[in-house]
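Student: I've got a model open and I'd like to learn how to read it feature by feature. Can we go through it together?

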Amino acid sequence: MFIGQPNSRTQERIRSMIENPRRRAFWAARSRRRAAVAVFVALTLAAALFLALPLVVGASLSFAGIAGFVGLLLVSAVLSTHINIAARWVVGYHGLDEFQRAEMDRATRLGHHMTAALATLLVAVTAGFATAAPGTDMGAELPLAVLAPLVVVTTMAHAAFPACYLAWTRPDELPDDED
């Protein structure tokens with residue numbers, strides 16, 4: 001058995017979680033999935049701002065700031081998990097047809113392009129600070145206030161973009177009795 005390859009019991013648990021009729025009905029509407037994606041993006045950006053704000057205003061990172069950052073990031077991660085289920089983007093799930101697998105391949109490719117673009121931006125901003133900093137009295141606060149949130153956003157985009165893309169673009173699901 002390969003590491004990461006689910007056994008039949010795990011596969012059945014995944015299938016029952018994803019194909020639960022109540023959960024499928026809840027996530028059937030595109031508008032509900034889009035709202036979840038919008039909330040996820042807002043939470044991720046808010047977490048990144050929680051990390052950057054004390055650095056911008058010159059305050060030190062307090063326990064409340066760190067707790068707010070971690071709390072928002074955890075809620076964002078939980079919502080990302082629900083978006084994964086809504087988009088059927090769960091590792092080891094094999095209950096997809098050929099069209100859905102092609103959609104997922106496209107979403108994966110777009111996710112890698114998004115990550116590459118954000119990583120390139122991260123490198124460019126870092127290089128910009130590295131070339132500008134020696135001639136100025138710029139402290140470490142401004143580069144950290146820009147780079148730390150950019151790292152958070154890049155990481156969350158890499159982890160969640162494919163499922164968010166699928167949740168955003170897939171049409172409303174039809175109930176089983178209308179197929």
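Student: What should I know about the model before I start?

Tutor: This is a predicted model, so local features need pLDDT of at least 70 and side-chain atom pairs count only at pLDDT 80 or more, while totals for chains, interfaces and linings use all residues. Residues are numbered from 1 along each chain as its sequence is written, and side-chain values use heavy atoms, with hydrogens and water left out.

Student: How many helices and strands are there in the protein?

Tutor: Helices (H or I, at least four residues) and strands (E, at least two) are DSSP runs, numbered from the N terminus. Here you get six helices and zero strands, and the pattern along the sequence reads α-α-α-α-α-α.

Student: And what percentage of the residues count as buried?

Tutor: Buried means under 20% relative accessible area, exposed means over 50%, and partly exposed is in between (1.4 Å probe, protein chains only). Of the 179 residues in this protein, 33% count as buried.

Student: Now salt bridges. How many does the count come to?

Tutor: A salt bridge is a side-chain nitrogen of Lys or Arg within 4 Å of a carboxyl oxygen of Asp or Glu. By that rule the count is three. Take Arg-88 and Glu-19, whose side chains meet at 3.4 Å, N to O. This pair links distant parts of the chain: Arg-88 is in the loop between H4 and H5, Glu-19 is in the loop between helix H1 (8-18) and helix H2 (21-26), and they are 69 residues apart.

Student: Are Arg-88 and Glu-19 buried or partly exposed?

Tutor: Arg-88 is buried, because its relative accessible area is 14%. Glu-19 counts as partly exposed, because its relative accessibility is 29%.

Student: Which residue does Glu-173 meet in a salt bridge?

Tutor: The side chain of Glu-173 meets that of Arg-24, at 2.7 Å, N to O. Again distant parts of the chain are linked: Glu-173 sits in the segment after H6, Arg-24 in helix H2, and the two are 149 residues apart. Glu-173 is partly exposed at 26% relative accessibility, whereas Arg-24, at 8%, counts as buried.

Student: And which residue pairs with Glu-103?

Tutor: Arg-170 does, with the side chains meeting at 2.9 Å, N to O. Glu-103 lies in helix H5 and Arg-170 in the segment after H6, so the pair ties together parts that are 67 residues apart in sequence. Both Glu-103 and Arg-170 are buried.

Student: Let's go back to Arg-88. What is its phi?

Tutor: Phi of Arg-88 is near 60°, a positive value in a residue other than glycine. Keep in mind that Arg-88 is in the loop between H4 and H5.

Student: How do I read contacts between residues that are apart in sequence?

Tutor: Ser-80 and Cys-164 are 84 residues apart in sequence, with 8.0 Å between their C-alphas. Ser-80 lies in helix H4, and it is buried, with a relative accessible area of 10%. For another case, Leu-147 and Leu-122 are 25 residues apart in sequence and 7.0 Å apart in space, C-alpha to C-alpha. Leu-147 belongs to helix H6 and is buried, at 18% relative accessible area.

Student: Which residues make the nonpolar surface patch?

Tutor: Patches are made of residues with over 30% relative accessible area and no salt bridge; like charges are joined within 9 Å, and nonpolar side chains (Val, Leu, Ile, Met, Phe, Trp, Tyr) within 5 Å. Accessible areas come from the Shrake-Rupley method with a 1.4 Å probe, and for residues only the protein chains shown count as cover. In this model Ile-66, Val-70 and Leu-74 make a nonpolar patch of about 260 Å². Ile-66 is in helix H4 (residues 63-86) and is partly exposed, with a relative accessible area of 42%.

Student: Last one, pockets. What is the volume of the second largest pocket?

Tutor: Rolling a probe the size of a water molecule over the atoms shows where empty space is left. On a 1 Å grid over the protein atoms alone, a pocket is an open set of points where a 1.4 Å probe fits, with protein on both sides within 12 Å along at least five of seven lines; lining residues have an atom within 4 Å of a point. Grid points are joined across faces, edges and corners, and a volume is the space filled by probe spheres set on the points. The second largest pocket comes to about 270 Å³.

Student: What lines the second largest pocket?

Tutor: There are 14 lining residues, and Phe-40, Val-41, Met-114, Ala-157 and Phe-161 lie nearest the centre. Helix H3 (30-57), helix H5 (98-132) and helix H6 (141-169) each supply at least two residues of the lining, with the largest share, seven residues, coming from H6. By type, the lining divides into 13 nonpolar, one polar and no charged.

Definitions and conventions
Nonpolar A, V, L, I, M, F, W, Y, C, P; charged D, E, K, R; others polar.
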